[in-house]
Amino acid sequence: MPTVGSLHAPPAPLAPPSPRITVADALALPVLRRGLPDVLAGAEHLDRPIRWVHAGEVSYIASQLRGGELLLTTGMGIGRRAVDQRRFVAGLADLGLAALVIELGMTFSEIPEPLIQAAQQHGVPLVALTREVPFVHVTEAIHTEIVNAHYAMLRRGDDVQQRLTQLLLDGQGIPEVLRATAETIGNPVFLEDGDGRLLFHAGTPADGVDALDAWKASSHASGRAPWRAGLSAPVPLGPHGSPGRLLVLPVAGPMDEIAEIALQRAAGIVALALLRARQEEELVARERGNFLVDLAEGRTPGAHAERQAGSIGFRPAGRLLLPVAAETTAAAGSASWSLVLRDTGVELEAHGLTVLAGQRDRAGQLLALVGLRDADARASTADLVAKAIRTAADRRLGAGEMRIAVGDAAEWERIGPALRLTAETAASAAALPAARWHDVRDLELQRLLWRWRDDRELRAFVLRRLGPLLEHDRRRKHQLLPTLEALCSGGWRKAEAARALHLNRQALYNRLTRIEELLGVDLGDPEQTLTLHLALRALPYVGPDAQR
């Protein structure tokens, strides 16, 4: 029996979920049976789980507890007045006490009626021990049961993880992992993405309720659905974007304590499976990217390239190949970009196209070869490829500029140089307005200037021809460079420039006169306008020095 005012502080709780050592289980232990327990109130609540055991003899004991405890006391802190006794029980009930056990003899020869009534009113199991029992023995016995139950639960969790891990080691995938999890829990399991879309589920109908019907009811705010209160665990589905979740719903029956542990372990295994898949996809993307880079750089001859491509699964039906290159400004880790490549391939294969896509030197750069049955289908195939790439990038990477270039179709013997020109076109298109896709045939000058982007002579040429105009625009509110660019884009036709700029003819003439004065040129001279045309096209490529 404890001394007056003694209180056992609880240790930190063990890992969830809590084992179900109930009040009824505790009363059945030999150490408590020796005390001849008599349940005076709350008999219908003896199935409450016990989180921990305390012994205490102070009136403010409720402030020292956390809920879920079985409280042992001789009653010294309860008080003699009925109002104190009701207040004592009410405070414990508000806390969520598992049960109140009072040893008779030291304070009460029998439990006061107001105490019994209050316990019954608040649904608190009230137990009287009619024979003295050392509280330390009771505490040790129940704590031993709790710890043993925790240990048994963790062992069961380890068994679940070992079983699921073995499935992966045996070459099985996420479907098999989810089926094993559903079998362990006894209820259907659902894998959702970050937007709540169902990716996969495992489980069988029970009691006339289909698992998918239960999931649909839970995903729509149907508060009447009896299976709505399920368990879930987060699952990272990708390096960017919101995590998905693994969900279990009590469709076939209630869930026991192992359900949460099994779900947590399964979520970890699913995450590992997804990571493994992403790593495999990333390695495939890198390997194919290396092959395509070597092909573009001339390190792999055409005949050898055809055999090598066949060894990695690319066997187009025809001889013609369409080279494609793409670059994006969206933040793209290697894992995310490999998903873009995978999604692109799946979409194009659904349209009957054979595609070999790979990652270039860094994430966000794509090279691809697409099998082309007919040269006349080049434009329509390019449209399909561009749409597939953009759709996949939007889904996996989010917002960001995407530049796509399509080259001339060629056979294996000539596809290397064609692929290199396509890659250079995609890079040079950074200075161009957005387009569905850029045609290699239309951007010969831009590609040439991009190759010379680091050439000092090119930078000096741009500064000589456009420097006074750039300096004017830096110092003035009204810019003149857009006027010169509009005139150049319109083939040096003044009417076209006026329409593009929404200016009347006289206003345009005033601007052009000022430009001629600043640059010392005659905009009617074909030789001088050709020089200005080259300078304007080179300006975006020579870096910020020319525009400072």
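**Entry 1: terms and ground rules**

I call a residue buried under 20% relative accessible area, exposed over 50%, and partly exposed in between, using a 1.4 Å probe and protein chains only. I am working with a predicted model, where local features need pLDDT of at least 70, side-chain atom pairs count only at pLDDT 80 or more, and totals for chains, interfaces and linings use all residues. Residues are numbered from 1 along each chain as its sequence is written, and side-chain values use heavy atoms, with hydrogens and water left out.

**Entry 2: the whole chain**

I looked up the overall make-up. The protein chain has 18 helices and 14 strands. These are DSSP runs, numbered from the N terminus: helices are H or I with at least four residues, strands are E with at least two. Of the 548 residues, 47% count as buried. The accessible surface comes to about 26,900 Å², and carbon and sulfur atoms hold 51% of that. I note that these areas come from the Shrake-Rupley method with a 1.4 Å probe; for residues, only the protein chains shown count as cover.

I then turned to contacts, meaning heavy atoms within 4.5 Å. Among contacts in the protein chain with a separation of 6 or more, 71% are between residues 24 or more positions apart.

**Entry 3: salt bridges**

I found 25 salt bridges in the structure. The term covers a side-chain nitrogen of Lys or Arg within 4 Å of a carboxyl oxygen of Asp or Glu. Side chains of opposite charge can pair when their charged atoms come close.

I started with Asp84 and Arg87, whose side chains meet in a salt bridge at 2.9 Å, N to O. Both lie in helix H3 (residues 82–95), three residues apart, about one turn of the helix. Arg87 is exposed, at 52% relative accessible area.

Next I checked Arg395, which forms a salt bridge with Asp343; their closest N and O atoms are 2.9 Å apart. This pair links distant parts of the chain, with Arg395 in helix H11 (residues 378–397) and Asp343 in helix H10 (residues 334–350), 52 residues apart. Arg395 is exposed, with a relative accessible area of 52%. Asp343 counts as buried, at 11% relative accessibility.

Asp408 counts as partly exposed, at 33% relative accessibility. I also noted one network, in which salt bridges that share partners join Arg342, Asp343, Arg395 and Arg396.

**Entry 4: the largest nonpolar core**

A nonpolar core is a set of buried Ala, Val, Leu, Ile, Met, Phe, Trp, Tyr and Cys residues joined through side-chain atoms within 4.5 Å. The largest one here has 30 residues, and Leu466, Leu469, Leu484 and Leu519 touch the most other members. Elements that give two or more residues to this core include H13, helix H14 (456–475) and helix H18 (526–538). H14 gives the most, with six residues. I listed contacts of Leu466 beyond its neighbours within four places in sequence; among them are Leu484, Leu519 and Leu532.

**Entry 5: strand E6**

I finished at strand E6 (residues 189–192), where both faces are covered. Val189 and Leu191 on one side, and Phe190 and Glu192 on the other, are all buried.
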